[in-house]
Amino acid sequence: VPGTRPEFTLLKDHYRVDVNAVPPSLNENTWRLRVSGLVERPRELTIDEIRRHEPINQFVTLCCISNPVGGDLISTTRWTGVSLQRLLPDMGLLPRATHLRIRSADGFYEVVSLDSIKSDEHVMLTYAWDGLPLRVRHGFPLRIYIPDLYGMKQPKWIESIEAIDRSE
């Protein structure tokens, strides 16, 4: 219908808003997801280890907080990744951990409560869109999807997850 956006967004057309002019460039072969903080033992996961977990696929509509009514800063794409809920047992979290601080290669981070993760299997670490690895400009090799939050609250280029005992 004229004046409406397509139901499904092609990857080349997916909106992007970042604070940096140039996105971080991470090497898939040397990249590691560091898990630390209130854990039994710190560890590092490769992207291949993350991809070995049972994947989930979901259609996600992501919107920028700056999107005006009828604006183009909104896109719908099929996201593939692993439910963060399913990864929690492998992280060896200590009982006093209540939140995860998820940090990006560009220094941005977001804190997510474990209660939110435990209550929603759709919170996911995403590594592919439409069956293809994430593009660098959209968070390669790993980004998070947190339902019902604007894009600005969802780190891309994730490098670490730190278990902590408070929100920030």
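Strand β5 (residues 99–104) runs antiparallel to β10 and pairs with it over 6 bridges. Strands here are DSSP runs of E with at least two residues, and helices are DSSP runs of H or I with at least four residues, both numbered from the N terminus. Two strands count as paired if DSSP finds at least two bridges between them. Within this pairing, S104 stands opposite I158 in β10.

The model is predicted, so local features need pLDDT of at least 70 and side-chain atom pairs count only at pLDDT 80 or more, while totals for chains, interfaces and linings use all residues. Residues are numbered from 1 along each chain as its sequence is written, and side-chain values use heavy atoms, with hydrogens and water left out.

Strand β5 also pairs with β6, again in the antiparallel sense, over 5 bridges. The bridge partner of I102 in β6 is E110. The two strands β5 and β6 form a hairpin with 4 residues between them, and G107 in the turn has a positive phi of about 95 degrees.

These strands belong to an open sheet of 5 strands in the order β2-β1-β10-β5-β6, with mixed pairing. At the edges stand β2 (43–45) and β6, each with a single partner strand, so one side of each has no neighbour in the sheet. From one strand to the next, the twist averages 20 degrees (axes are lines fitted to C-alpha atoms, for helices over the stretch in contact, and angles run from 0 to 180 degrees between N-to-C directions).

The next topic is charge. Side chains of opposite charge can pair when their charged atoms come close. A salt bridge is defined as a side-chain nitrogen of Lys or Arg within 4 Å of a carboxyl oxygen of Asp or Glu. A search of the whole structure finds 5 salt bridges.

One of them involves E110, which forms a salt bridge with K153, the closest N and O atoms being 3.2 Å apart. This pair links distant parts of the chain: E110 lies in strand β6 (residues 109–113), K153 lies in the loop between β9 (143–145) and β10 (158–164), and the two are 43 residues apart. Are E110 and K153 buried or partly exposed? E110 counts as buried at 13% relative accessibility, whereas K153 is partly exposed at 30%. Here buried means under 20% relative accessible area, exposed means over 50%, and partly exposed is in between (1.4 Å probe, protein chains only).

Another salt bridge joins D48 and R51, with 3.5 Å between the closest N and O atoms. Because D48 and R51 are 3 residues apart in helix α1 (residues 47–51), about one helical turn separates them. D48 is partly exposed, with a relative accessible area of 41%, and R51 is partly exposed at 25%. Together with E28, D48 and R51 are linked in a network of salt bridges.

The side chains of D165 and R166 also meet in a salt bridge (3.2 Å, N to O). D165 is partly exposed at 41%, as is R166 at 43%.

On a 1 Å grid over the protein atoms alone, a pocket is an open set of points where a 1.4 Å probe fits, with protein on both sides within 12 Å along at least five of seven lines, and lining residues have an atom within 4 Å of a point. The largest pocket is lined by 21 residues, of which V17, D18, G151, M152 and K156 lie nearest its centre.
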